[in-house]
Every structure is written in C-alpha cells, then in structure tokens.
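Please read it alongside the sequence and the coordinates.

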Number of protein chains: 4
Amino acid sequence: MLSFESDYTTGAHPKVLERLLETNLDPQSGYGTDAYCESARGKIRAACGCPEADVWFLTGGTQTNAVAAAALLESWQGVVAAETGHVSAHEAGAIEHTGHKVLTLPQRGGKLCAAELEAYLAAFFADGNHDHMVFPGMVYISHPTEYGTLYTKDELIRLADVCRRYELPLYCDGARLACALASCDTDVTLPELALLCDVFTIGGTKCGALCGEALVFPRRRAPRQFLTIVKQNGALLAKGRLLGVQFDALFTDGLYEKLGAHAVGMAGRLKELLREKGLPFFLESSTNQQFVILENGFLERFQRGAAVSFWERFDEAHTVVRFATSWSTAPEDLERLSAWIDECRA
Amino acid sequence: MLSFESDYTTGAHPKVLERLLETNLDPQSGYGTDAYCESARGKIRAACGCPEADVWFLTGGTQTNAVAAAALLESWQGVVAAETGHVSAHEAGAIEHTGHKVLTLPQRGGKLCAAELEAYLAAFFADGNHDHMVFPGMVYISHPTEYGTLYTKDELIRLADVCRRYELPLYCDGARLACALASCDTDVTLPELALLCDVFTIGGTKCGALCGEALVFPRRRAPRQFLTIVKQNGALLAKGRLLGVQFDALFTDGLYEKLGAHAVGMAGRLKELLREKGLPFFLESSTNQQFVILENGFLERFQRGAAVSFWERFDEAHTVVRFATSWSTAPEDLERLSAWIDECRA
Amino acid sequence: MLSFESDYTTGAHPKVLERLLETNLDPQSGYGTDAYCESARGKIRAACGCPEADVWFLTGGTQTNAVAAAALLESWQGVVAAETGHVSAHEAGAIEHTGHKVLTLPQRGGKLCAAELEAYLAAFFADGNHDHMVFPGMVYISHPTEYGTLYTKDELIRLADVCRRYELPLYCDGARLACALASCDTDVTLPELALLCDVFTIGGTKCGALCGEALVFPRRRAPRQFLTIVKQNGALLAKGRLLGVQFDALFTDGLYEKLGAHAVGMAGRLKELLREKGLPFFLESSTNQQFVILENGFLERFQRGAAVSFWERFDEAHTVVRFATSWSTAPEDLERLSAWIDECRA
Amino acid sequence: MLSFESDYTTGAHPKVLERLLETNLDPQSGYGTDAYCESARGKIRAACGCPEADVWFLTGGTQTNAVAAAALLESWQGVVAAETGHVSAHEAGAIEHTGHKVLTLPQRGGKLCAAELEAYLAAFFADGNHDHMVFPGMVYISHPTEYGTLYTKDELIRLADVCRRYELPLYCDGARLACALASCDTDVTLPELALLCDVFTIGGTKCGALCGEALVFPRRRAPRQFLTIVKQNGALLAKGRLLGVQFDALFTDGLYEKLGAHAVGMAGRLKELLREKGLPFFLESSTNQQFVILENGFLERFQRGAAVSFWERFDEAHTVVRFATSWSTAPEDLERLSAWIDECRA
C-alpha cells in the first residue's frame, strides 16, 4: 500500500533514533530539566537568533496550542484565527475546553489577512461598548497553513504590526515549520519568524521526530509558573529527555532544515507528476501538502492501493484529497504512485 | 553522580528501543489506529485475561488520570481518593482543571480503607439531602501507592465490593504496576486486578518505556467518542505508533514482568543495604520506592554525590527522602551507594 | 431623558410587585421548593399544554443558556447557532466558559435556516471521519431573535424535523417570548412552541419581572441532578420564592400575554412614528425591538435627550440603533419622542 | 408550621420592598450602571470607611464566591479554606467548576487558625519544589462561619498578617455579616473588617433582601474587565437596579445593622429558651444560627410542627440540627416554639 495520507505515517529520522540510543542510559532528572533539553534549547536559540528565548517542549500540536492559549489569555479573552485555522476547526474544541472562544475571521488561501484583522480589531475597540463580548486576546496563524500555503515576509510584517498596535501576541503554529522554511517560494527565515512573532512552535512530530513540539517565546519568559500550567494540562512528560534528545538531534548539523528540504523536494516532484497526469489542484501549495481534486469513481479505485486523506467534498462528483510527503518519502514511492495512477485509469 | 531520585531517569529498555528501530519505516495510520497499537491491545487483553477489554494508549500519568476522570464523571461528581493519592496532591490540580473535585479520605499507609470508604458513602447517600455537595462519582486508588505500598487481594475485594454496591467505578492508577506485580509481598495478579477494577492503567513511563500509559476498560467500551475526548484534552498522539510499539515490546515474552522484577529485586538489595547502614525507614514498602529518614546534615553531604527525592519534612532535624530503583538500576550502583554512604559519614 | 434603550430600564409590573408584597412574610423553604414556585410551575404547564413539563426558574438569560448547554451537552459536543445568536455573540463567551464551542451557521434575518442546518449536519455525519471536530449537540434558536424577527410555524416545524432526525435537542431562547406571542405577524402559539422545541425559556426579565427566566423541558425531566448543576454554576437562588412569586403573577389571568401585547402595541405605534419621520429601518421587525439607521450627526444630537442602543456601524456616515419598547412604555413617551426628533432636526 | 429552618424563608424587609415600589418606574440603564447601584456603592463605601472601594452587586453567595475566586486566582492557584468552609463543602463544587482546587485546613470552631495557615504556607514555600502542586492563591474565611462562630479582631489581625506576608488576598464571605456585626460577643466593626480583608462580601439574601450580595474590594479596583467576567459566569443581572435599590435601602439609616441586631436578639432569646428546656448545644454561637443536639425520637415528633435544618449525625441516637432566626423572626414565634417543645415532650 502506497502511503501519502500524512506526514506522520513513519517513525523518526535515523539520526534522531541514533541519538536516543546513544543517550539512553545516561541518568537525567525529569520534567524537562535534563541536559539534553538544555542543549536543545541552546541550539534552538541559536537557530532563531534569539539568545534570550524561553523554550519548552511538549508532545503534540493540539496540546501545545491549547496550553499556550490557556496560559496567555485572560479568562475574558479569545484567540483570533482564520476559520480554517487548526485551533478553530480540527482540534475537537481543545481551546474551548480551556474556557476560551476562538474568534474566527475569513480565510484567504488558509491565511489571515492583516487588513481584515485590523478592520475587526478597529471596530471592536472603537465602536460602542463590547463588555458583553469576548475580547480578542491573541492572534493565531499557522505557517505553513492547513492548506500548505505560506505567509510572505511582507504579510507577516503587516500582521505583526497590527498585533503590536493592539498589544496582542502573535502566535504562529509551526507544526510543519521545516517545510515552510524549505519552500523555494518563501522569503521568511527562522530568525525573521522569531522576530515577527511573539510566540511560535517548531513542530517535531511532522518533521522527523517521534513526537514533540518546541514552544518558543523569543523575547520573554513564558507566563509565570508555566511548568505548573503544563502539568495541570497533563502535558508534562516525566522523561522530558525524550523531547530534548530529539530536538537536540534535529537542531544539530542543520538536520531540521534538511528534513524539510527533503519533504518539500519530494512534494515538488509529486506536483510535477500529478500535473503530468492531468489531475487538477485545489489550490497552489509550495510545501509538503498538495490538495488535488479527484473524480469520485477514480478515487474509489485509487484508494485500494494508495492512502491519501479526505479533505472536503468538492462537488457531487468530485472530492478534494490531500497528498503529503515527509522526510521518509522516497523517489520509488513516486514511481510506484505514477504506475498506480495509470493502472487506476486503465 | 549516583542517581536514585526516580524511576524515570534513564530512557527505555533496549528491547523497546530495538522494536522502535525495527518498525520505524513501516508506514502506519495515525492516532492509535496503527497495527502496533492493535497488536499491543491484543497482548494486553491476553495478559489481563480480558478478551473484551478496550485499551487506549496515552503519554503520561497525570494526563491519563485527568482524561479518564473527565470522561467517566458527570459534571456534578468528583473523584474519591486518599489524601495522599497522586490525583489529590501531586498533579497540579489537573482533576480540578477539568471541573471536578477530588474528595479526600484519610490515607492508611497510602491506601484507601474500604471501611472508611463505605462509612463515607453510607453517610453521603443516607443522611438528609446532599444536593448542594459534590457527589462521589468514582473511586481512585494507586497500586503501588505513592508510598510504595500495596493493596492485598482481600483489601481490593472489599473496595470493589463497596464500589459495586454504590455503583461507582473503581479506578486503579498503575503507574508503577510492574513493581506491584513483581513484589514478593503481593497476592494480586494482573488478571485479578482486571477483575476487581472497572478501569485501570498499566504504566509504561516508569517501567521501561520512553513514555506511555495504557488505559484499560476491562469489561466495557470506553465512554462514547473517547477519541474526541482524548483529542480535546490534547492527549492524542499523531504518531500513536510510538506508544503501540513500546507496549507491544513490553508485553512480548513477559518483558513487563521482568522489568518489574528487576526493579523490585534491586530495591530489596537496597533495603538490605540501608538497613545494614542503620538508616531508619519511614514506612515499609515492598516495591521499588523506599522512604528513608535522614538527618539533615548527613543529607546535605549525601546529596553532593547521590540524587534522591525530597519527600517531606520529618522533624526539625530530619527529612524523609525517597530512593527509587528501576529497570536500569545495576548492582554496581548499589556498591557505589554503599561506599558513598560510608564516605559521607566519615 | 427619554428611554428607549432597552426593555429592562424599569422595574416590574405593579401586579408582580403586589404579589411580592402579599406573600412576603409567608415562610417558605428555599432553593425553588416553595409553594409559589410550585404554583407557577403548574400555571406554566397549563399555558404550554404540557402537563408533564419540568420547569425551573433561574435569574438571567445568559445564565440559563449556559447552564442548559452545560447540562445537555456531552463534553465533545457544541451548540449550533446563527452567527448572530445571543449565545454566539453577546454572552461574553459564557458557553465556551463551560467548555463548549458554539458552532455558527449564517443568519438569515437573525434566524437559522432549516435547509442550511440540514446541509451542515448531513455533511458532518456523512463525509469522512469527524472525530477531530466538535460534534453538534444541540440547536439554539431565539424567538424573537436578537433582531426582533420571528420564526413562522412552518420554519419551526422544519427545524424541529431536522433536529429530530439527527437526535439533537432544539433549544429556544425566549428571553422576549411575550413579544413573540403577541406579534400580529406570528402564527406560533405557546403550546405549539412547546410541542416543537425540546427545551425553551420563558423570559421574565424583559417581560415584566424584576428578574427571572423559566426553563421548560416540555416532555421530559431536566438532566439528572439538575439542581446540583444549577448550584455548581452559581445559579441557585436561596430565596427561590422571588422567582416563583413573579412567574406565578405573570401566569395569572394572562398577564404575561397582556404585557407582551402592550410592548408590541407600543412598538407598532413607534414604527408608524419613525416611518412618518422618514427614518429608514435596518430590517423589518414585528416585535418590540426596532432597528433604525440614523445619520451620525443626527444621532449625536438625538442622544442628548433620548437613550437608544448602539447596534452596529452601518457605513461611514450612518449607524444602526435599536429602539425597544416594554410593558412600561407609555403613549406619552411616544409623543415626547416625536417632538424630540423634530427638535433634533430643526 | 413553625419555621426556624433558615434565615431565607421569608421575603425582604418592608423598607426594602417599599424602596423597590418607589423606584419602580424610574428608567435606568442596565447591568449595574443605574443610579441606585451608584448610590448604594457610596453608602457602602461610607459604612466601610473606604472611600476608594470598588463595589459590585451579584445575586447569590455561591455565585459571588466562585466569580471572585475565578477572577482573583491564576490558573495554577487554589483557595485555602477551612474544611467546613462553604466553598469547600456546600457549594456543589462551584470553585472546582471554575478550574480551581480548594485547599483545606482543619477547622477550629468553623474557623481557620492563623498559626496553622502560616505553618502550611511556610512549608509550602520553603521545602523543596512544589511546582507539581496547586499553589495557595487566596485565603477564604467566613464571618460568621458556617457554625455561627466569629473571628475576634485579634484573630483577624493575625490572619491578615500571614496573608500579607505571603501576598495572598484575604477574602471574607459575609453572607450573614449583619449578624456578625450585631453580636454582643464581637469586637470587629465593618471598617475594621474592611481594613483587614482584601476582598469581602456583604450578604443581602440572609439579611433582609430578596437576593443580593455586595462584593467589596476595599482598597483597589476589581480585576480588569470584571464586568465581562461576571457576564461570562452568568452572574450579570440585566436589571441591576434590583440589587442597587435593595442595598441602597439596607444601607440607609442603619437598616442593615438593625436587621442584624434583630436576628441576633431573637437568637439570644432562642438560646435562653433552649437552655431552659435543657436541650444541649453542639457548640457556642453568638449569632443567628444555633446548633442543638436532639434525640432522634424527639426530633421526629418535633419536625411535624416546626422546621429546622439537619446538620449532621451526632451519634446513633442523636442528630445535630440548626435553628436560624432572621429579621422576620417574631417574639410570638419563640412563644409558640416553647409550647411546641413542651407538647413534643409530653
């Protein structure tokens, strides 16, 4: 069975596993106080160009988003996000579970538009009295977005500018950040992202780790007693080393960037292949997720030999599906895919 | 530095790591739907003698306790626990964070006493009207307890009997269950535990895994839409295989039992050693945690070369500390400890 | 100062106050167990034609909506509402504060459209797997809506039909129900509403009481231990009699209907007057709230002598405001308003 | 039927009702922005000797305690209270429902002991690391306590001193504050209470009002966006005037003090009567609640003609019951009680 259903179908990159093996018997204190977490923090600070950054490691993306929102928001505040933002649509209400509303704005290719954000904030804070409404308390974006699209540096600068004028932290969910950084269509580097965002995550799970997201506060400390908040949310790993060792490996010798480059490179070849086969794209993505419109009958046959993800219904006769590549996608996978598409059509 | 501070200072047992390596490139669907989780579920069902058991894998103990309580309780119910129960004292209020009260009863050697539980429940449901109070909705015990002590089969039978009469699920936190099963002082087997409890956990983190707890519903399905509940609590791992592979390894060829036996065996030798040195025990434990009363001056010197955990103040001049052994404690660690104690006294 | 800013600017109808005086010294048990609550329940059951109805009294609308949602929903479910629904927009996130998401659909004149509801539910339950999304758990409508508009009987029948097919309770917020029932443009009676909805409220605060909403479960008991849920949400009044006496008065000799008729009658005269003055309406409402578009300069002068509510910005130069009438609006208020509009224009 | 079951069995004092009648038709804005709330705030500031106090009005005691705790605590903090504190035992888990733990200390005659509080805080903040525990975030006391007992000025000074040293707000639940102030056994005045506590409530419901508690921040503003917090908790009354008018009446011409004096005076005569009849007291109370030990057979007969509250089981043959007096207890009630006790014994 060919697998393009997601970028978390295989385990960790061999160098990550190797480092887990090497360090396995070295005794370390728990809960993120170990030497590997400390080393990984240093390497992430260097990669971000933020020597003062406060870096935490959590296990998953939904968890990290919810814990950060809970810690950053006052009880009367919510998270502003695009209607397609992961926190809005696909986290089973984890944000609301912490008591906070997700305040949605329209998505533009999966992205928040700075002008629309500003118009919303201006109206909220200018007209009348909004004491009976949920106050915007932070702004959530994802880079790449849930549709594989990317913010340009200019778009980020404008979003950051709006956020700073309204004193709202700009939070960037980087679950697939390696792929954003590796895209040939981006002008945003990691230090630039760190400069423009107030909090962001560096995704491990979908970029070569077994699990783990780094939560980075580039210019300030995490909220007070953050470790207790993490614990209270069931998000504190006893063997924090598991996360530290993995991020230490990912941020050694540019491995994180290389894995992103590999996934994006494979996605480029995938795009070419799908284009050659005449399969129409739902939207243009320069990262590792590709959204394609398939005729329902073809899709049924296709799925018997290749796994892709259902995304949404396109019309009565067609469906949008997602193909994802990852650090472990091999050239042969694409060759086999090409043959299988032909076979499904024959 | 000698390390006896906890049973989560080292990584995973080599066989667990080996299995992670072997399976690393095999593509599998996410969120616990992979073949390794399925295989591990089958092995756990067999080990428990519960062919119908519903088995879930989560990453940590506090997380598992909180998610289970949230899923099992009505909003107007709380968890009954000993005042020293982990959910009561050491989870940063994770249960309350889900909106539920922990209703505490006195601890007897770290344990809940069936007669005291019954007296509390009888009074609650018999006298007057308790509509303004939190209703008991489940009973939490840990085995071994936070003090390393164990319930006897007879004690568990009596607790289970009280719970069934009041229709309250009996939940057992088995974070260190391998050590309980391996104690030479227990008459409780895993199938018996599964028979007497309505829900229980099999701890991986403290018994040879990098992370992971199995949550077992031995005779019924988990609450409806449990996967969504897990997701909503930020507890759903994308690469669920990480947990499945580890538990699959732990429940192959009796590895889980062997790791418990090793930790408990080392604890037995540790007890002997401490007794020979004339160090007084705070209480009698037959599992891998040993609680010892140390004079404060001695403790200060001792900690320069050996890590143990602060437990509680004993009196002005003495402190209770915990020594923990694990699957990775080696005989040489005990020899070095013996020498270090002598040196600290000299 | 003329007051049209809301329907809660004055106290209670004199007959309600009179009944509070008459019953003041009669000792009664607390928490809604008094004879007046019991009598009011009986009268409400009769007025609804629901002899089996379970009726509860709470103090305010937001409170009642939030307590009902918390009690009716599973943790993994949310409330479906129009984007302008009170629970969605103007309750400061009270629903999310109980941990539940508000799932919004477009508003059509303030109303939910049955066809759009069905399309959403059909897609949710048919396509793919939605375990990572919040499940729809109940459907919220308001009658009249936040824009003073009304559902027709046919619209309610279609909504109820969709809800029943998907086994979702249909909840109707009747904060201004007296005005809905009294409109000359409605074909929905109280017994019909009770037949079509699974839960609904009968608003007191905005219809002649000092405070109070009746929460009616027409054909079943409230969720188990509902009194404890109410208490836990801080919504249980010690002197429950305050609510019982008021609803008893409102449902004696058709007072509730009469107060609605008065408010709506005054609104009809207000509409005529505003139309004569050439002031444009934002939308057509046949109840006690009228939404009018005012030029900003005029509005500024106007507000010096008459209070109305800011609703929303219409365009750069105009604002939508709300005029509300109530049981206490007098014909002279309208005469004075007419004169004041003329004066502001002169 | 004689009624001594609680101090909320009758309505409001006639002067309170009178004021509701007088002000009924005067139009006022909603949500506590009316002139009566403003006037009541001024009178309360004067009575407390706190010209800068921020005063809010809510409807009930449990609601007020929960909203205040939610607003004052960080997510990782809990409320310290005596095990018999209302927030701990009789509010159906309302505090936990907001996500916070109640951290209990032993009760001494229903009171928190300053020395025990200090010992707990000293141990918490001194020994080891408590990042995995709930941090104390505020201290809750009630005056009078749930057992009718009172803190002395000296006890309050010592509690306040401990709280200030640990930077924890001292919160006093004054649900029955009028009775505390009127006791002949107290040396604590309202200005002194205001000086020693950081937040406190002045109970209306149990001291002459239909409903209502004043929440007083004597020396600072309520937490930011407190109105939104109140709304979010379903605790914001649309007709806030209902609370303002009542507190305005209660704080005019010393009415609040007089109602307390009446209730306490009647309780004094009740004590005498019960003592004469030879009925033993469970504890000594100088306020309006009296706790008496009755033989179960006598209690059964007695309750056929007189209502009292079940408090707790004393032993197999006896029960502790509570007699409460209020502003509306009349001398004839005591005469009838005396006769009824005799009749039950005959």
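In this predicted model, strand β6 (residues 170-173) of chain D pairs with strand β7 (residues 199-203) of chain D in the parallel sense, over two bridges. Within this part of chain D, D:Cys172 has D:Phe200 of β7(D) as its bridge partner. Both strands belong to an open sheet of seven strands in chain D, whose order is β2-β8-β7-β6-β5-β3-β4 and whose pairing is mixed. Because β2 (54-58) and β4 (102-105) of chain D stand at the edges with a single partner strand each, one side of each is left without a neighbour in the sheet. From one strand to the next, the twist averages 25°. Helix α2 (residues 35-48) of chain D lies across β2, β7 and β8 (213-217) of chain D, and the helix runs at about 125° to β2(D).

Turning to the domains, chain A is divided into domain 1 (2-7 + 256-345) and domain 2 (14-254). The centres of domain 1 and domain 2 of chain A, taken over C-alpha atoms, are separated by 27 Å. Where the two domains meet, 18 residues of domain 1 of chain A are in contact with 21 residues of domain 2 of chain A. On the side of domain 1 of chain A that touches domain 2 of chain A, the elements that give two or more residues are α12 (255-276) and β9 (289-295) of chain A. Of these elements, α12(A) gives the most, with eight residues. By class, the residues on that side of domain 1 of chain A divide into eight nonpolar, seven polar and three charged.

The contact between chain A and chain B takes 45 residues from chain A and 45 residues from chain B. On the side of chain A that touches chain B, at least two residues each are supplied by α1, α3 (61-72), α5 (94-97), α10 (226-232) and α11 (241-250) of chain A. A second contact joins chain D and chain B, with 20 residues of chain D in contact with 19 residues of chain B. Here the elements that give two or more residues to the side of chain D that touches chain B are α5 (94-97) and β11 (309-315) of chain D. The residue classes of these two sides are set out below.

How are the copies related? Two copies of a chain are related by a rotation about an axis and a shift along it. Chain A is superposed on chain B by a rotation of 180° with 0.0 Å of shift along its axis, at an RMSD of 0.0 Å. That is the relation of a two-fold axis. The same surface serves both copies, since 100% of the contact residues of chain A recur in chain B. For chain D and chain B, a rotation of 180° with 0.0 Å of shift along its axis likewise gives a superposition with RMSD 0.0 Å. In that pair the same surface again serves both copies, with 95% of the contact residues of chain D recurring in chain B.

A:Tyr8 is found in the loop between β1 (2-3) and α1 (14-23) of chain A. Is A:Tyr8 buried or exposed? A:Tyr8 is buried, because 25 other C-beta atoms lie within 10 Å. Leaving aside residues up to four places away in sequence, A:Tyr8 touches A:Thr205 and A:Lys206, as well as B:Gly30, B:Ala238 and B:Lys239. The C-alpha atoms of A:Tyr8 and A:Leu242, which are 234 residues apart along the chain, are separated by 18 Å.

A:Thr10 is likewise found in the loop between β1 and α1 of chain A. With 21 other C-beta atoms within 10 Å, A:Thr10 is buried. When residues up to four places away in sequence are not counted, A:Thr10 touches A:Ser326 and A:Ser328, together with B:Asn24, B:Leu25 and B:Pro27. Within chain A itself, A:Thr10 and A:Asn24 are 14 residues apart in sequence and 21 Å apart in space, C-alpha to C-alpha, while in chain B the residue B:Asn24 is among those that A:Thr10 touches.

Terms used:
Residues are numbered from 1 along each chain as its sequence is written. Chains are lettered from A and ligands numbered from 1 in the order in which they are written. This is a predicted model: local features need pLDDT of at least 70, side-chain atom pairs count only at pLDDT 80 or more; totals for chains, interfaces and linings use all residues. Domain bounds come from an automatic or database domain assignment. Two residues are in contact if their C-beta atoms, placed from the backbone, lie within 7 Å. Helices (H or I, at least four residues) and strands (E, at least two) are DSSP runs, numbered from the N terminus. Ala, Val, Leu, Ile, Met, Phe, Trp, Tyr, Cys and Pro count as nonpolar, Asp, Glu, Lys and Arg as charged, and the others, Gly among them, as polar. Copies are superposed by least squares on the C-alpha atoms of residues with pLDDT of at least 70 in both. Two strands pair if DSSP finds at least two bridges between them. Axes are lines fitted to C-alpha atoms, for helices over the stretch in contact, and angles run from 0 to 180 degrees between N-to-C directions. A residue is buried if 20 or more other C-beta atoms lie within 10 Å of its own, exposed if 12 or fewer, and partly exposed in between; C-beta atoms are placed from the backbone.
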